[in-house]
Amino acid sequence: MSEKDLLARRFEEHRPHLRAVAYRMLGSLGDVDDAVQETWLRLSRSDVTGVENLGGWLTTVTGRVCLDMLRSRTTRRESPLHDDDGQIRLPDPVVSGPDGLDPEQEILLADSVGIALLVVLETLAPAERLAFVLHDMFAVPFDEIAPVLGRTAASTRQLASRARRRVQGAAPAPDTDLAHRRRIVDAFLAAARGGDFDALVSVLDPEIVARSDGGTLRPGVIRRGAAEVASQAITFARFAEAAHPALVNGTPGVVAVAEGRAISVMAFTVQGDRITTLDILTDPERLARIDLSVLGG
């Protein structure tokens, strides 16, 4: 086996981990693949014979690639969820069947990286996001992150601390009981299908925020409050022939199907007995990439 073939094999061993890093940094599955491919190109052009920890080296290179991608994105958000045209942009969901994730998805979504958390990460400055993701999610020491940012270790620590406060304040940890979360989501579905407004309101937090991303051709919206979200849920339920239970980023969610194609993916954040956020992807372009066969039935 040639040295390049051996290097390629070692890289493939790290690919799932690198995709996990890039997903938290970028939130776009297409960009994730681009970032990991760029990491391979940089590895193939580098002399790593003296690198003792190849996984750590690759992690920081992927972080650097993602940082460059974040800084060079042409659309700059005017507010946390909007681009220059006012469109809401949600991260790409990872959809799997209701019974569990495949091994690669488990690595991608370790630490329960839900849509709501990714939305908050989108609000961070690129340097903050890198410091938080690499240190808090992947335990990379600050003195290894600092050179990527061109900062001191102390400054990098401050960036991560500031990001951590933002994340904890805006995306508190959801309920950890998966079965309980599924019961709450099922109750939401049953009430929506039955047009039971009061039952819907009872499972929604009074301050619930519902965000929808319809892509470039369909304007997205943010709805607030249990009454408004319940009314919209009842209206939308009439258009879906079937609402399939699914795992969306490893947590109970719903894929609505009509005429054999996905028309929405719903991701729920549940705290206690109430749904606190509802993120809905209705972008046809991204929905078309979802493998409906994983849903069964």
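Modeller: One term comes first: a residue is buried when its relative accessible area is under 20%, and exposed when that area is over 50%. Keep in mind that this is a predicted model.

Look next at β4 (residues 242–248) and β5 (residues 251–258). These two strands run antiparallel, and seven bridges join them. Within this pair, L247 stands opposite P252 of β5.

How covered is α5? Helix α5 spans residues 115–122, and eight of its eight residues are buried. Among them are I115, L118 and L121, and E122 is on the list as well.

Strand β6 deserves a stop. S264 sits in this strand. Its relative accessible area is 0%, so S264 counts as buried. Leave aside its neighbours within four places in sequence. S264 is then in contact with F236, V254, V255, A256, I280, L281, T282 and L287.

F268 brings in another helix. F188 and F268 form an edge-to-face aromatic pair, 5.1 Å centre to centre, with 70° between the planes. The pair links distant parts of the chain: F188 belongs to helix α9 (residues 178–194) and F268 to strand β6, 80 residues apart. Both phenylalanines, F188 and F268, are buried.

Helix α9 also meets α11. Their axes come within 8 Å and cross at roughly 70°. The helices α9 and α11 are therefore roughly perpendicular to each other. Their crossing is right-handed. F188 takes part here too: the contact is made by F188, A192 and R193 of α9 with A233, I234 and A237 of α11.

Compare another helix pair, α6 (residues 126–137) and α7 (residues 142–149). The axes of α6 and α7 come within 10 Å and cross at roughly 155°. An angle over 145 degrees counts as roughly antiparallel, so α6 is roughly antiparallel to α7. The crossing of α6 past α7 is right-handed. On the α6 side, the contact is made by A127, L130, A131, L134 and H135. On the α7 side, F142, I145, V148 and L149 make it.

Last, return to the aromatic rings. A search of the whole structure finds two aromatic pairs. One of them joins F11 and W40; this pair is tilted, with 5.4 Å centre to centre and 50° between the planes. F11 is in helix α1 (residues 3–26) and W40 in helix α2 (residues 29–44), so the link spans distant parts of the chain, 29 residues apart. Are these residues buried or exposed? F11 counts as buried because its relative accessibility is 1%. W40 has a relative accessible area of 15%, so W40 is buried too.

Definitions and conventions
Residues numbered from 1 in each chain as written. Predicted model: local features only at pLDDT ≥ 70, side-chain atom pairs only at ≥ 80, totals over all residues. Heavy atoms only, no water. Buried < 20%, exposed > 50% of the residue type's maximum accessible area, 1.4 Å probe, protein only. Helix = DSSP H or I, 4+ residues; strand = E, 2+ residues; numbered from the N terminus. Pairing = 2+ DSSP bridges. Phe/Tyr/Trp six-rings, centres within 6.5 Å; stacked < 30°, edge-to-face > 60°. Contact = heavy atoms within 4.5 Å. Axes fitted to C-alpha atoms, helices over the stretch in contact; angles between N-to-C directions. Parallel < 35°, antiparallel > 145°, perpendicular 65-115°, else oblique. Left-handed = near helix turned anticlockwise from the far one by under 90°.
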